[in-house]
Amino acid sequence: YWILAENTFSDLQPQTVTKLVMLCTYLNYNGRFQRSEKTTIKKTDLQHILAISKQTVYDFWREVKDRYIIERNGDLYISDKANIFRGKLPKTQEPEVTHYQKAYISAIRKLYNATSIRKHKQLGYVFKLLPYINLEYNIFCKDPFIKDIEDITPLSVADLCNLIGYNISQSARLLKELQVLT
(Lines give C-alpha, C1' and ligand atoms only; values in the text may rest on other atoms or scores of the structure.)
Protein backbone atom coordinates (compact mmCIF):
# COMPACT_ATOMS: atom_id res chain seq x y z
CA TYR A 1 0.00 0.00 0.00
CA TRP A 2 1.00 3.64 -0.28
CA ILE A 3 1.52 6.34 2.35
CA LEU A 4 1.89 9.99 1.39
CA ALA A 5 5.55 10.76 2.19
CA GLU A 6 4.59 13.98 3.96
CA ASN A 7 2.49 11.98 6.43
CA THR A 8 4.66 11.84 9.55
CA PHE A 9 1.75 10.92 11.86
CA SER A 10 2.65 13.87 14.09
CA ASP A 11 -0.77 13.71 15.79
CA LEU A 12 -0.35 10.07 16.87
CA GLN A 13 1.60 8.36 19.62
CA PRO A 14 4.43 6.22 18.15
CA GLN A 15 2.89 2.96 19.38
CA THR A 16 -0.37 3.94 17.66
CA VAL A 17 1.51 4.55 14.41
CA THR A 18 2.89 1.00 14.60
CA LYS A 19 -0.58 -0.46 15.04
CA LEU A 20 -2.06 1.71 12.27
CA VAL A 21 0.68 0.75 9.80
CA MET A 22 0.07 -2.91 10.64
CA LEU A 23 -3.70 -2.59 10.31
CA CYS A 24 -3.26 -0.97 6.90
CA THR A 25 -1.83 -4.26 5.63
CA TYR A 26 -5.48 -5.38 5.62
CA LEU A 27 -6.69 -2.59 3.32
CA ASN A 28 -8.49 -3.57 0.16
CA TYR A 29 -8.48 -1.48 -3.02
CA ASN A 30 -11.64 0.40 -1.97
CA GLY A 31 -10.26 1.58 1.37
CA ARG A 32 -12.04 -1.03 3.48
CA PHE A 33 -10.19 -3.19 5.99
CA GLN A 34 -10.69 -6.87 5.18
CA ARG A 35 -9.23 -10.16 6.40
CA SER A 36 -10.18 -11.88 3.16
CA GLU A 37 -12.24 -11.10 0.08
CA LYS A 38 -15.46 -11.90 1.93
CA THR A 39 -14.59 -11.05 5.55
CA THR A 40 -14.53 -7.40 6.59
CA ILE A 41 -12.82 -6.17 9.74
CA LYS A 42 -14.96 -4.83 12.58
CA LYS A 43 -13.84 -2.85 15.59
CA THR A 44 -14.22 -6.00 17.69
CA ASP A 45 -11.59 -7.75 15.50
CA LEU A 46 -8.82 -5.27 16.33
CA GLN A 47 -7.72 -7.02 19.53
CA HIS A 48 -7.13 -10.30 17.70
CA ILE A 49 -5.60 -8.83 14.52
CA LEU A 50 -3.20 -6.52 16.35
CA ALA A 51 -2.57 -8.99 19.22
CA ILE A 52 -3.15 -6.35 21.89
CA SER A 53 -5.22 -6.00 25.06
CA LYS A 54 -8.74 -4.55 25.22
CA GLN A 55 -7.43 -1.42 26.93
CA THR A 56 -4.82 -0.94 24.19
CA VAL A 57 -7.55 -1.35 21.55
CA TYR A 58 -9.55 1.35 23.34
CA ASP A 59 -6.54 3.70 23.41
CA PHE A 60 -5.75 2.96 19.76
CA TRP A 61 -9.33 3.56 18.65
CA ARG A 62 -9.56 6.83 20.59
CA GLU A 63 -6.53 8.16 18.68
CA VAL A 64 -7.38 7.01 15.14
CA LYS A 65 -11.19 7.28 15.10
CA ASP A 66 -12.45 9.66 12.40
CA ARG A 67 -8.96 10.97 11.63
CA TYR A 68 -7.46 7.79 10.20
CA ILE A 69 -10.18 5.14 10.44
CA ILE A 70 -13.91 5.55 10.06
CA GLU A 71 -16.63 3.07 10.88
CA ARG A 72 -19.55 2.62 8.46
CA ASN A 73 -22.27 0.05 9.14
CA GLY A 74 -19.89 -1.81 11.45
CA ASP A 75 -17.10 -2.07 8.84
CA LEU A 76 -13.82 -0.17 9.17
CA TYR A 77 -12.49 2.07 6.38
CA ILE A 78 -9.40 4.21 5.99
CA SER A 79 -10.22 7.91 6.12
CA ASP A 80 -9.56 10.03 3.04
CA LYS A 81 -7.67 12.41 5.35
CA ALA A 82 -5.16 9.65 6.18
CA ASN A 83 -3.50 9.73 2.73
CA ILE A 84 -3.01 5.95 2.87
CA PHE A 85 -4.35 3.68 0.17
CA ARG A 86 -3.83 0.49 -1.74
CA GLY A 87 -3.65 0.25 -5.51
CA LYS A 88 -2.46 2.62 -8.20
CA LEU A 89 -1.06 6.01 -7.34
CA PRO A 90 -3.58 8.81 -7.88
CA LYS A 91 -2.96 11.14 -10.78
CA THR A 92 -2.15 14.65 -9.59
CA GLN A 93 -1.75 17.98 -11.26
CA GLU A 94 1.90 18.15 -10.20
CA PRO A 95 3.27 14.59 -9.97
CA GLU A 96 6.82 15.76 -9.31
CA VAL A 97 5.66 17.40 -6.08
CA THR A 98 3.68 14.48 -4.62
CA HIS A 99 5.74 11.60 -3.25
CA TYR A 100 4.54 8.37 -1.75
CA GLN A 101 6.22 5.64 0.28
CA LYS A 102 5.46 2.08 -0.62
CA ALA A 103 4.78 -0.28 2.29
CA TYR A 104 5.11 -3.99 1.62
CA ILE A 105 2.38 -5.96 3.35
CA SER A 106 4.36 -9.13 4.11
CA ALA A 107 7.38 -7.15 5.35
CA ILE A 108 5.25 -4.97 7.66
CA ARG A 109 3.46 -8.01 9.10
CA LYS A 110 6.72 -9.87 9.63
CA LEU A 111 8.30 -6.85 11.33
CA TYR A 112 5.23 -6.26 13.51
CA ASN A 113 5.03 -9.90 14.59
CA ALA A 114 8.77 -10.08 15.32
CA THR A 115 8.60 -6.99 17.55
CA SER A 116 7.34 -7.38 21.11
CA ILE A 117 4.41 -5.23 22.15
CA ARG A 118 6.74 -3.39 24.55
CA LYS A 119 8.83 -2.27 21.54
CA HIS A 120 5.90 -0.95 19.46
CA LYS A 121 6.74 2.57 20.58
CA GLN A 122 10.29 2.32 19.19
CA LEU A 123 9.00 0.79 15.94
CA GLY A 124 6.59 3.73 15.70
CA TYR A 125 9.57 6.09 15.84
CA VAL A 126 11.02 4.28 12.83
CA PHE A 127 7.77 4.68 10.88
CA LYS A 128 7.62 8.39 11.80
CA LEU A 129 11.16 8.90 10.49
CA LEU A 130 10.70 7.14 7.13
CA PRO A 131 9.87 10.35 5.23
CA TYR A 132 13.30 11.72 6.14
CA ILE A 133 15.36 8.93 4.57
CA ASN A 134 17.13 9.91 1.35
CA LEU A 135 15.84 7.79 -1.51
CA GLU A 136 19.29 7.28 -3.07
CA TYR A 137 21.64 6.90 -0.10
CA ASN A 138 19.47 5.90 2.91
CA ILE A 139 20.66 8.89 4.93
CA PHE A 140 18.38 10.76 7.35
CA CYS A 141 18.28 14.26 5.90
CA LYS A 142 16.20 17.41 5.56
CA ASP A 143 15.41 16.88 1.87
CA PRO A 144 15.19 13.17 1.04
CA PHE A 145 14.76 13.81 -2.69
CA ILE A 146 18.24 15.23 -3.34
CA LYS A 147 20.16 13.08 -5.82
CA ASP A 148 23.70 14.47 -5.36
CA ILE A 149 25.33 13.22 -2.14
CA GLU A 150 27.35 16.45 -1.86
CA ASP A 151 24.12 18.44 -1.46
CA ILE A 152 22.65 16.28 1.31
CA THR A 153 22.38 17.82 4.76
CA PRO A 154 22.27 14.91 7.22
CA LEU A 155 20.08 15.16 10.29
CA SER A 156 21.75 15.06 13.68
CA VAL A 157 20.49 12.84 16.48
CA ALA A 158 19.05 15.98 18.07
CA ASP A 159 17.15 16.68 14.83
CA LEU A 160 15.75 13.13 14.87
CA CYS A 161 14.65 13.58 18.48
CA ASN A 162 12.90 16.84 17.63
CA LEU A 163 11.12 15.27 14.65
CA ILE A 164 9.57 12.51 16.74
CA GLY A 165 9.07 14.50 19.94
CA TYR A 166 11.73 12.62 21.92
CA ASN A 167 13.65 14.19 24.81
CA ILE A 168 17.02 15.31 23.38
CA SER A 169 18.78 14.59 26.68
CA GLN A 170 17.85 10.92 26.16
CA SER A 171 19.15 10.74 22.56
CA ALA A 172 21.73 8.02 23.35
CA ARG A 173 18.92 5.90 24.77
CA LEU A 174 16.85 6.41 21.60
CA LEU A 175 19.71 5.25 19.39
CA LYS A 176 20.28 2.21 21.57
CA GLU A 177 16.57 1.30 21.51
CA LEU A 178 16.32 1.69 17.73
CA GLN A 179 19.42 -0.40 17.10
CA VAL A 180 18.03 -3.45 18.95
CA LEU A 181 14.86 -3.61 16.85
CA THR A 182 14.55 -6.48 14.40
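These legends walk through several close-up views of the structure above.

The model is predicted, and local features are taken where pLDDT is at least 70, side-chain atom pairs only at pLDDT 80 or more, while totals for chains, interfaces and linings use all residues. Residue numbers start from 1 along each chain as its sequence is written, and side-chain values use heavy atoms, with hydrogens and water left out.

**View 1. Helix 1 packs against helix 3.** Helices (H or I, at least four residues) and strands (E, at least two) are DSSP runs, numbered from the N terminus. Here helix 1 (residues 14-23) meets helix 3 (residues 54-64) at an angle of about 85 degrees, and their axes are 10 Å apart. Axes are lines fitted to C-alpha atoms, for helices over the stretch in contact, and angles between N-to-C directions run from 0 to 180 degrees. The two helices are therefore roughly perpendicular (under 35 degrees counts as roughly parallel, over 145 as roughly antiparallel, 65 to 115 as roughly perpendicular and the rest as oblique). Helix 1 brings Thr16, Lys19, Leu20 and Leu23 to the contact, and helix 3 brings Thr56, Phe60, Glu63 and Val64; contact means heavy atoms within 4.5 Å.

View 2. Leaving aside residues up to four places away in sequence, Met22 touches Ile49, Leu50, Ile108, Arg109, Tyr112 and Asn113.

View 3. The 3 strands run in the order 4-1-5, with antiparallel pairing; two strands pair if DSSP finds at least two bridges between them. Strand 4 (84-85) and strand 5 (100-102) stand at the edges with a single partner strand each, so one side of each has no neighbour in the sheet. Strand 1 (residues 2-4) pairs with strand 4 over 2 bridges, and Ile3 has Ile84 of strand 4 as its bridge partner.

**View 4. Strand 2 and strand 3 form a hairpin.** Strand 2 (residues 69-72) and strand 3 (residues 75-78) pair in the antiparallel sense over 4 bridges. Look for Ile70, which stands opposite Tyr77 in strand 3. The hairpin has 2 residues between its strands, and Asn73 takes a positive phi near 50 degrees.

View 5. Which residues of helix 7 (residues 171-179) are buried? They are Ser171, Leu174 and Glu177. Seen down the axis, the buried residues of helix 7 fall within an arc of 120 degrees, so they line one face of the helix; the arc is that of the directions from the helix axis to the C-beta atoms. Helix 5 (120-129) and helix 6 (157-164) are included in what covers them. Over on the other side of helix 7, Ala172, Lys176 and Gln179 are exposed.

View 6. Most residues other than glycine have a negative phi. Ala51, in the loop between helix 2 (46-50) and helix 3, has a phi near 55 degrees. Ala51 is partly exposed, at 47% relative accessible area. Asn138 lies in the loop between helix 5 and helix 6, and its positive phi is about 55 degrees. With 63% relative accessibility, Asn138 counts as exposed.

Methods
Buried < 20%, exposed > 50% of the residue type's maximum accessible area, 1.4 Å probe, protein only.
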